[in-house]
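I opened my notebook beside the viewer and wrote down what I looked up, in the order I went. Have the structure up as you read along.

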Amino acid sequence: MTEPVSNLQSQLDSGKFVVTGEIGPPKGVNVDKCLHEAEAYLKNSVAAVNVTDIQTAVMRTGSMAVSHLLVSKGIEPVYQMVTRDRNRLALQSDLLSAYVLGVRNVLALTGDHVAMGDHPAAKPVYDLDSVSLLAAITNLEAGRDMGLDTKGNPNQLDGAPRFFKGACVTPCAEEVEPQIIKLEKKIEAGAQFIQTQAVYDPAAFEKFMNRISHLKAPVLVGIVMLKTAGMAKYMNSSVPGVNVPDAIIKRMADAAKEDRQKVSIEICGELVAKMKHCCQGAHLMTLGWDHCVPEIVKAAGL
Amino acid sequence: MNVGRGNLCYNSVALREINMAHSDLTSRDVASLANPAGLMENQYAPCRWACPVHADVRTYIQLVAEGRFAESVDVIRNRLAFACVCGRVCHHPCEKNCRRQDVDEAVAIRELKRFVAEKVGSSGCTVSRPETQNKARVAIVGSGPAGMSAALELARKGYRPTVFEKHHLAGGIPMTAIPKYRLPRDVLQMDVDWIVAHGVEVVTGAEIGKERTLPSLLKDGFAAVILATGLASSRMLPLPNINHPRVYPVLDFLRELAFDRQPAIGSDVLVVGGGNVAMDAARSAVRLGARRVRAVCLENEQEMPAWEWERTEALEEGVTFIHRRGPVEVVTDGGSIRALRTRGVKSVFDADKRFNPQYDDSDIQDLECDTVVFAIGQAPDFAFTHDSGLEMDSRGRLAFNPLTQQTSMPNIFACGEIVTPPGSVVEACASGVRVAAAVDMHLQTGSIRFNDALPEKIGTIPAVTAGKVLKFQRQAVDIAPANERVAGWSEVDHNLTEEAALGEARRCMGCGGGAEVMVDKCAACMTCVRVCPFGIPKVTDVARIDSALCQSCGICIAECPAGAIISRSLPVGDVQMRTRHAVELLPAGRKIVAYIGGFKASAADWVGQSESVEGVAKVYLASTTRLAVSDMLHALTLADGVVVVGCGQGLDRYPQSAGRTSLRVDHARRLLQSAGFNANAVQISLAAHEGLAGVNEAIRQAISQMSQP
Amino acid sequence: MIVAELKPFDEIMAMLAGSRKVLVLGCGSCVTVCLSGGQKQAEELASLIRLRSQQTGMDITVDVDCITRQCDKEFFDNFKFDPRGYDAVVSLACGVGVGFMSREMPDLRILPGLNTTFYGANTAPGEWKEFCHGCGDCVLAWTGGICPIARCSKSLINGTCGGTNGGKCEVKPEMDCAWLLIYQRLRELGKLDEYRKIRPARDWRKDRGSGVRRLSRQELSQIDEEPRQ
């Protein structure tokens, strides 16, 4: 095993159950609020904080800049990187840039299609996909880029980065085998940790974990905080691979408005508690309720 | 608004040789055609093929279906001089070959001919005489169907024909021997008058062999003579007392009736013979008041040659039949007839099916009667040829070359039953047409050579296709009850009503008049394959549509994106041409085009004589299946709105009509909407089966909806 | 086959601004097959132009013609109406036809009446679907005949993304997830190993990455040889 490049990697290497959080940069230059919340609620509760990359294809401030700002505040970022918006030149360049700005964790994603976002007329790039992006990162680490020199040999870098490379998977997709095969490819291409799409069904997740027991990368189960019953229903109908059981929806529906956050924290805590035996960590997606993270961690008995 | 009249010239077939069976049709070929209908001249529907004069049945039935009666009769008369007579008495081989029999029943072609020919009469149809009629004079002996047909054809070719008729009225056998209850005289006269109008001179009461002879005709300036005297005398048998005045040769008996001279008969009439003429004689005897009329013949019921229907009607009128007996002697008692002595018949035909009766002379029986009519066949009368120099053959018949229609003298020709086996009126007409061509060739070139090869015949319709054709009951013809029939000489059966005739005409499947692919335009897009309700188009390299199977619905023509499919029975762009014409006739103001198509649109609508909705140009289509989206949009460039009136589901003559029509109207409206026009300017109503009132109401309603947002 | 569809009518009319004499020119190949640019559609468009002309008093005269292919100049001999006599020709060919006509007849205004949309096939009456993207580097051999470039909305080459939703793509509910189809087909074929292989990043030079593509069949090049005496 190589020397860990980040706190996240070393914690996972140590076998400790790891929690990560997530922030979304704003649409605009006022980054203070998200930085403040990261500092106030996440810094001491989680091992690292994901910074989304133009999430759901809604244009906003970039992941690299905000990741760098987190570094400067002593918070370890997980730099999310999607292949939707940049070709291989830009992606490789941004990786080098992020590295020199102190970023060490990278999560390689394909990214939601531009059709899902607020610029549907944009040209989707997808020069690389998540697998080839991971391969490209591994390649950079080896001191090479994807290009060839005039003799046909790979270009050599003047100083190679080293990243802790992550990938994602949808454990509760209706057809899970193609997801698993692709996950295998991601790991083969260099992925070292896995964060998952939101999971609300511990039994199904355990089944999934059993199916990937041959894969050695640590898995952080994804939990999205439910804000209302309506949101849960919307996720069921519209977010692929997410299934919120009726019992959870009912709990949210039965909760008084002022109690919803509390109930949601309880639900998240219980979910983590029920799944922590079969995975290596949890990735909490709080969608702005970052202040709840400490209570969730507590509720999960961590 | 009367639409479409005169746009189509079905018969002007000025086209270069295109043999459809063996080569592909291209757009260049079509551009060179005056009318694609000419393509059909290369391939006959079975009705036309079987018709002795090869009348263009499909076309004239289609014209009836569109209410274009005068044009229909013109098409009939183009080939058949005796349209009215044949409408009554034709043995209609067309119907026996009609492919509709594979679906339900044959189209009532003869009845339709009768309907349209008598409706139009002699004055309603076109008489087209050549600009000059100054070619040679030709004498025709005999004014029957053969002779008059020959005279007509010669007149059309510019000759000056003169017909010599020994009786005082022209018409031949139809005049002298077909009873009036089957063929009223005024109906026959329509044909004769129309023929005469072409410049045919008819000299009646002129029996050749008396003051005029064949040599004298030639001397008097006739360049050729045509003998068309037919079978003018009745066959008789050399029996004892055969010359008794109450023993009638059948033609004498029928002629007396024809000329309104009551033949003297008793009350107990025996007709000898089992053919159609015998039936005519027996049924006439009933009408003359005989107490008992019996027909005796050699043949049994199955063998007797009379038409089944004629035998049935005779039976209904009280005629009884005695089979398998042959006459031996007319038995008299004092001055009057007591009986016909007969003997039994063992067999009529020999092993080779030749007529060769074998008698049982031990079986003698007297059939009581007081009058006998011998209807055992007719024979030519060659008396008028004596001293003419014409030769007879070894069997006593006129020496005759069927290849040239000539007798032993090159400028004396013959046609009709004098030289052919006994046949029907239409066969005699065919013979007359042929002899006229022979005379023309002889006089113009000195040599006569016929190409008797017919175009190929469209084959049979496979069961799978027949099964997809919608079934429609044949229109029944009313027949008067027997007790009314025998009371006089009026016609037995009634003409089709106009509505029935239109309905019946629309049963015609238009065999061979359907779709044709111009191969150079076809993109092999499969659209025709996908939309044809009958599964006929096939695409190998390009689309091929077997005209023998096509049902002429026009769906593929309307849907083909390449415009590569044409109708063999309609001019290219027919709908748009007719639309332009119809809109031009509208007064100033708001203009609406109404396309009305369907099986049951009312009769008055189809002839365009109905009250109409103001400002509406009605264009009648055989079915709205023939109306393309491009036609609708084209109409909108000429008018303010388009109403498509189709038939309700299952009521059109073609399957899928209602659905296809609706889809196309929807598409036209979408195009209009997307281009920023008022989509409501195109309206659809499926009310064409509701008759005139329903159609007009539908149009009014549709117009009121056009202005709504 | 190339599939195309009629441009918005107002866009066509905007192109025709100032034109008095217009030829609507159908193309008898692909666009006829997909019922967008054949003789009939040319007639339909011509009628719409005439209608607009009548309603606005623009006085445009419109003729209609259609040739077998607008992308081969030998077919230009078959014009029934000479395009040189028109202020503008609205071509109902795909972009190839429009571009080629413009190249061959540079003095004329050849205007596109269609938007060229994709390479597709007929999948149901009146329906065409995209099957190929013309990427220049065919992968169908290892994707069970289902093209991920043309039929995955992200043109992914390594498998399903997280947007696969009940067999459909999250981008459009009526669109199948191509990668799920590929997975199922490969599984049926017993070729899931093809799915398991990592596919390296594609060389987009074979697509549009390095500009205009061309096919050169040297065996059919012009021969410059005098006949021997």
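This is a predicted model: local features need pLDDT of at least 70, side-chain atom pairs count only at pLDDT 80 or more; totals for chains, interfaces and linings use all residues.

I began with Met518(B), which sits in the loop between strand 20 (515-517) and helix 19 (527-531) of chain B. Residues are numbered from 1 along each chain as its sequence is written, chains are lettered from A and ligands numbered from 1 in the order in which they are written, and side-chain values use heavy atoms, with hydrogens and water left out.

Is Met518(B) buried or exposed? I found Met518(B) buried, at a relative accessible area of 7% (buried is under 20%, exposed over 50%, partly exposed in between, with a 1.4 Å probe and protein chains only). Setting aside neighbours within four places in sequence, I listed the contacts of Met518(B): Leu25(B), Thr26(B), Ser27(B), Val30(B), Gly563(B), Ala564(B) and Ile566(B). Contact here means heavy atoms within 4.5 Å. I also checked Val575(B), 57 residues from Met518(B) along the chain; their C-alpha atoms are separated by 19 Å.

**Helix 21 and helix 23 of chain B**

The axes are lines fitted to C-alpha atoms, for helices over the stretch in contact, and angles run from 0 to 180 degrees between N-to-C directions. From helix 21 of chain B, the contact takes in Val575(B), Gln576(B), Thr579(B), Arg580(B) and Val583(B). Helix 23 of chain B brings Ser630(B), Asp631(B), His634(B), Ala635(B) and Leu638(B).

**Helix 12 and helix 13 of chain B**

Next I looked at helix 12 (residues 250-258) and helix 13 (residues 276-287) of chain B, whose axes come within 10 Å and cross at roughly 50°. That makes helix 12 of chain B oblique to helix 13 of chain B. Helix 12 of chain B contributes Val250(B), Phe253(B), Leu254(B) and Leu257(B) to the contact.

**Two positive phi values**

Most residues other than glycine have a negative phi. His54(B) is not a glycine, yet has a positive phi of about 55°. I placed His54(B) in the loop between helix 2 (46-50) and helix 3 (57-65) of chain B, buried at 16% relative accessible area. Lys353(B) has a phi near 65° and lies in the loop between strand 12 (336-349) and strand 13 (355-368) of chain B. Lys353(B) counts as exposed, at 71% relative accessibility.

**Chains**

Which chains share the most contacts? Of the two pairs in contact, I found that chains A and C do. Chain A and chain B do not touch, with their nearest C-alpha atoms 22 Å apart. Lastly, I noted seven helices and ten strands in chain C.

Key. Helices (H or I, at least four residues) and strands (E, at least two) are DSSP runs, numbered from the N terminus. Angles under 35 degrees count as roughly parallel, over 145 as roughly antiparallel, 65 to 115 as roughly perpendicular and the rest as oblique.
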